[in-house]
Amino acid sequence: MPVIFALLYAAMAMTIIVGGRYLIVSGAFAALTSWRFPGLYAGLDRQIRREIGWSLASAGIYGLPTGIVAWGWQNRGWTQIYTPIDAMPLWYLPVSILLYLAAHDTWFYWTHRWMHRPGPFKLAHAVHHASRPPTAWAAMAFHPIEALTGAVVIPFLVFFIPIHVAALGIVLAVMTVMGVTNHMGWEVFPSFMWRGPLGRWLITASHHQRHHAEYRCNYGLYFRFWDHVCGTDRGLGRFVDRSGSAIRASAGGSADGGRVAAGGNPDRLA
C-alpha cells in the first residue's frame, strides 16, 4: 500500500476511534447525569445536538495527527513510545504520566487564556461557550481552530518525551474523563478531591464550572498551578439548574453541604 493511502487509512481509523470514544464516554456520563439529577438537561436537546455535531467534527481533527503519528510509531519508529516494560526504570512510568499531564496542562492554560482575547474568542472559542450550561456532551464541542490547538499536543510530546504505551493510554484516559466530567454540571468526584487540600491543586467540575460562569478565570485543565501563579484562580463555582436554583454540587453529602456560594472565597467551605 502506498504510504499516502496508509496514512489516510490510519487517520480515518483514529478518527473513528476518537469519535467512538467520545460517544461512549460522554453518553455514559450523560446517562449517569439523567439518573442522578433527572431533568438537569431538560430543554437542552437542541444544544446537545449542536455539541455532538461540533464534537464529532473535532474528532476528525484529533484523528488526523494522531493517526499519522501512530502509523509512524508502528512502521517507522518515529516516536519515543516504547513497549518493553524494562526499556525504562519502573519509577519513570508514573513520572512520564505526570510529565505529559503537566505539559498538556501548561499548553492548555496559555492557549485557552489566549482564546479568551476578543478576536480569538469571537472567531473560535465562542463555539465552546455557546453551551449554557455545558453538558457531558460539550467536552469536544470546539471550533476547528480550537480543536487543532488541542489535537497537536500529545502527538507532539511523543516525539520528545519517552512514554510506555500503557502510560500513554492512561494519559489519554485521564484527558477524556476530565474533559467530560468537567462539563457535566455537577461534581462526580468525592468531596476530598475538590474541597480538601488536594482540591487546591486539582481541577474538577467545581472549579471549571466557574470558568463557564465568569469566563475570565479558571483557565486550567488538570491542575490549578498556572491559575494560582497568574492570579486567575477564583476558586470553586456553584451549580444551578435551569431555573437558577442551586443544586447539590456532588453525588455525595448533604444538599446544603454540596453548595458553593457565589460570593466570598468559595474554597473556604465549612
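## Getting started

Contact here means heavy atoms within 4.5 Å. What you're looking at is a predicted model, where local features need pLDDT of at least 70, side-chain atom pairs count only at pLDDT 80 or more, and totals for chains, interfaces and linings use all residues. Residues are numbered from 1 along each chain as its sequence is written, and side-chain values use heavy atoms, with hydrogens and water left out.

## Around His183

Let's begin with His183, in the loop between H7 and helix H8 (205-214); helices (H or I, at least four residues) and strands (E, at least two) are DSSP runs numbered from the N terminus. His183 counts as buried because its relative accessibility is 7%, and buried means under 20% relative accessible area, with exposed over 50% and partly exposed in between (1.4 Å probe, protein chains only).

Setting aside neighbours within four places in sequence, His183 is in contact with residues including Tyr41, Pro134, Thr135 and His208. Its side chain also makes a polar contact with that of His128 at 3.1 Å, and another with that of His212 at 3.4 Å. A polar contact is a pair of N or O atoms within 3.5 Å; within protein, one must be able to donate a hydrogen and the other to accept it, and residues adjacent in sequence count only if both atoms are side-chain atoms.

## The nonpolar cores

A nonpolar core is a set of buried Ala, Val, Leu, Ile, Met, Phe, Trp, Tyr and Cys residues joined through side-chain atoms within 4.5 Å. The largest has 24 residues, and Tyr100 and Ile154 are among those with the most contacts inside it. H3 gives this core its largest share, 6 residues.

Apart from that core lies another, of 23 residues, including Phe29 and Met140.
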